[in-house]
Amino acid sequence: IIKVDSGVIEVIATGGDHNLGGKDWDAEIQKYAIDQYVQQTGGSADDIYDDTVALGDLELKSEQAKKQLSQREKTSFRLNGAKIEISVDQFENNTASLLQSSIDKTRDTMNEAAAKGVTHYDKILLVGGSTRIPAVQEAVKKFMGKEPFKGINHDECLAIGAAIQAG
């Protein structure tokens, strides 16, 4: 949480899970896909985990599926002969705990800021690639009671923020 006044940037509070990101959402798709593979083929999860090519392919396809689910209601891909179909509802169900963790961390950071007298927020900036996920945007809107600001590049903002924090 930052305060900008007359060009001066003051960090009020920082928080969150610096290890949480898009790969965690991808991992949920991977788990779902492996479960579907096992159900469809009767094979074992080890068929995928022990095959570095299949696992690498699954990682790429899971990231693509996550991005596609931000644009459409469902998507599918093949995994070692199995057709994996996943809907937005399934994806949101599988990632609900990640989203709740993010909201909980936001609440903690806001409590830290409130202890310093900051309780009003002019803009809510979503930064990082996973903030493009519609469920993330909607959860933030619901939690904050206002629409997140859309006039930024999610990735550039993250890089600039990291540079400011490092400085």
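Reader: Before I get attached to angles, what kind of model is it?

Author: It's a predicted model, where local features need pLDDT of at least 70, side-chain atom pairs count only at pLDDT 80 or more, and totals for chains, interfaces and linings use all residues. Residues are numbered from 1 along each chain as its sequence is written, and side-chain values use heavy atoms, with hydrogens and water left out.

Reader: Fine. How many helices and strands are there?

Author: Six helices and four strands. Along the sequence the pattern reads β-β-α-α-α-β-β-α-α-α. The C-alpha atoms fill a box of roughly 60 × 30 × 25 Å, taken along the principal axes.

Reader: And how much of the protein is buried?

Author: Buried residues make up 31% of the 167 residues. Buried means under 20% relative accessible area, exposed over 50%, and partly exposed in between (1.4 Å probe, protein chains only).

Reader: Back to α5, then. Which of its residues are buried?

Author: In α5 (residues 134–144) the buried ones are Ala 135, Val 136, Ala 139, Val 140 and Met 144. They cover an arc of only 150° around the axis, which puts them on the same side of α5. That arc is the one made by the directions from the helix axis to the C-beta atoms.

Reader: Why would that spacing line up on one side?

Author: An α-helix has 3.6 residues a turn, so residues three or four places apart point the same way.

Reader: What covers that buried side?

Author: The cover for the buried residues of α5 includes α1 (22–41) and α4 (88–115).

Reader: Let's do the core. Which residues in the largest nonpolar core touch the most other members?

Author: Out of 35 residues, those are Ile 48, Leu 58, Phe 77, Leu 79, Ile 84, Phe 91 and Tyr 121. Two or more core residues come from each of α1, α3 (52–68), β3 (74–79), β4 (82–87), α4 and α5, and α4 gives the most, with seven residues. A nonpolar core here is a set of buried Ala, Val, Leu, Ile, Met, Phe, Trp, Tyr and Cys residues joined through side-chain atoms within 4.5 Å.

Reader: Pick Phe 77. What does Phe 77 touch?

Author: Not counting residues up to four places away in sequence, Phe 77 touches Ile 29, Ala 33, Leu 58, Lys 61, Ala 65, Ala 82, Lys 83 and Ile 84. Contact means heavy atoms within 4.5 Å.

Reader: Switching to charges: how many salt bridges in the whole structure?

Author: Nine, from a search of the whole structure. A salt bridge is a side-chain nitrogen of Lys or Arg within 4 Å of a carboxyl oxygen of Asp or Glu. One joins the side chains of Asp 57 and Lys 61 at 2.9 Å, N to O. Both lie in helix α3, four residues apart, about one turn of the helix. Asp 57 is partly exposed at 31%, and Lys 61 is partly exposed at 21% relative accessibility.

Reader: Which residues are linked in a network of salt bridges?

Author: Lys 141, Glu 147 and Lys 150. The side chains of Glu 147 and Lys 141 meet at 3.2 Å, N to O, while the closest N and O atoms of Glu 147 and Lys 150 are 3.8 Å apart. Glu 147 is partly exposed at 45%, whereas Lys 150 counts as exposed at 53% relative accessibility.

Reader: Last one. Which residues form the nonpolar patch on the surface?

Author: Ile 2, Val 4, Ile 9, Val 11, Ile 160 and Ile 164, with about 550 Å² of accessible area together. Patches are made of residues with over 30% relative accessible area and no salt bridge: like charges are joined within 9 Å, nonpolar side chains (Val, Leu, Ile, Met, Phe, Trp, Tyr) within 5 Å. Areas come from the Shrake-Rupley method with a 1.4 Å probe, and for residues only the protein chains shown count as cover. β1 (2–5), β2 (8–11) and α6 (154–166) each supply at least two residues of the patch. Ile 160, in α6, counts as exposed at 51% relative accessibility.
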